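Thanks for asking me to look over this one with you.

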Amino acid sequence: MSYLYKNEFEDIYQGDVGNIAKVIDPDSIFDTKLMYVAGGTFNGYCYKDYNNFKNNPDEVCYIAECCFDTDTLFVDYVNENKEKLIEEGGLATANSIKEEVKNCLIHDEYYYEYQENDVVHTIEAKKFDEKLINKIANIVFDVVDWQTTQGYIYEADWCEVIEDFYEEKLKDKGMEI
């Protein structure tokens with residue numbers, strides 16, 4: 001995959017993969033339009049914006065390789081069709097990743113059990129701590145590098161992350177595990 005235009009913006013965050021570039025070609029009908037540029041990763045190409053993930057949870061922070069396969073991806077088009085593209089799976093915002101994590105955990109019926117005073121308690125996925133959802137969303141965003149975020153979320157086994165999170169949380173509260 002190659003692109004004719006290089007991003008000249010100064011604010012590229014160190015962890016970012018891909019960028020946004022302006023089409024500068026007076027002979028093109030796309031002159032001065034902004035487009036997403038996929039960056040190369042070990043496994044393929046994607047667009048990943050850590051700034052949006054951390055600070056603008058409703059803005060596009062991740063675009064999977066499949067979105068770049070057919071045509072140029074313009075920022076205006078993405079903004080106008082964001083909900084549809086998120087639904088189709090190739091695009092993600094921080095909030096859409098968190099929603100997908102919640103859906104996965106409930107759909108796959110994750111839970112956490114612990115014992116307190118000889119009574120076994122169960123925390124069901126729908127009652128999981130928001131900090132746990134954020135932790136998993138951070139893992140997803142850090143790890144995913146070409147596929148859809150939904151694909152990665154549903155492929156991963158989150159049992160160990162859930163167990164570690166609640167063991168630490170209950171330990172901090174002074175409860176026996």
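This is a predicted model: local features need pLDDT of at least 70, side-chain atom pairs count only at pLDDT 80 or more; totals for chains, interfaces and linings use all residues.

1. Overall layout. The protein chain has 177 residues, and 41% of them count as buried. Its secondary structure comprises 7 helices and 8 strands. Taken along the principal axes, the C-alpha atoms fill a box of roughly 75 × 30 × 25 Å.

2. Salt bridges in general. Side chains of opposite charge can pair when their charged atoms come close. In this model there are 5 salt bridges, and I go through some of them in the next points.

3. Asp76 and Lys33. The closest N and O atoms of this salt bridge are 3.9 Å apart. Because Asp76 belongs to helix H2 (residues 75-80) while Lys33 sits in the loop between strand E1 (19-22) and strand E2 (34-37), the pair ties together parts that are 43 residues apart in sequence. Both partners are partly exposed: Asp76 has a relative accessible area of 44%, and Lys33 has one of 32%.

4. Glu99 and Lys102. Here the side chains meet in a salt bridge with an N to O distance of 3.5 Å. Both residues are in helix H4 (residues 94-107), with a spacing of 3 residues, or about one turn of the helix. Glu99 is partly exposed at 42% relative accessibility, and Lys102 is partly exposed too, at 26%.

5. Asp129 and Lys169. For this salt bridge, the closest N and O atoms are 2.1 Å apart. The pair links distant parts of the chain, 40 residues apart: Asp129 is in the loop between strand E8 (119-124) and helix H5 (130-143), and Lys169 is in helix H7. Is Asp129 buried or exposed? Asp129 is buried, since its relative accessible area of 18% falls under the 20% cut-off. Lys169, at 25% relative accessibility, counts as partly exposed.

6. A negative surface patch. Asp157, Glu160, Glu163, Asp164, Glu168 and Asp172 form this patch. One of its members, Glu168, lies in helix H7, which spans residues 159-172. Glu168 is partly exposed, with a relative accessible area of 41%. Helix H7 is also where you will find Lys169, the salt-bridge partner of Asp129.

7. Thr93. This residue is part of strand E6 (residues 91-93). With a relative accessible area of 3%, Thr93 is buried. What does the side chain of Thr93 reach? Its contact is with the backbone oxygen of Pro57, at 3.4 Å.

8. Asp58. You will find Asp58 in the loop between helix H1 (50-55) and strand E5 (60-63). It is partly exposed, with a relative accessible area of 48%.

Technical notes:
Residues are numbered from 1 along each chain as its sequence is written. Side-chain values use heavy atoms; hydrogens and water are left out. Patches are made of residues with over 30% relative accessible area and no salt bridge: like charges are joined within 9 Å, nonpolar side chains (Val, Leu, Ile, Met, Phe, Trp, Tyr) within 5 Å. Accessible areas come from the Shrake-Rupley method with a 1.4 Å probe; for residues, only the protein chains shown count as cover. A salt bridge is a side-chain nitrogen of Lys or Arg within 4 Å of a carboxyl oxygen of Asp or Glu. Lys and Arg count as positive and Asp and Glu as negative; His and the chain ends are not counted. The place of a charge is taken as NZ of Lys, CZ of Arg, CG of Asp or CD of Glu. Helices (H or I, at least four residues) and strands (E, at least two) are DSSP runs, numbered from the N terminus. Buried means under 20% relative accessible area, exposed over 50%, partly exposed in between (1.4 Å probe, protein chains only). A polar contact is a pair of N or O atoms within 3.5 Å; within protein, one must be able to donate a hydrogen and the other to accept it, and residues adjacent in sequence count only if both atoms are side-chain atoms.
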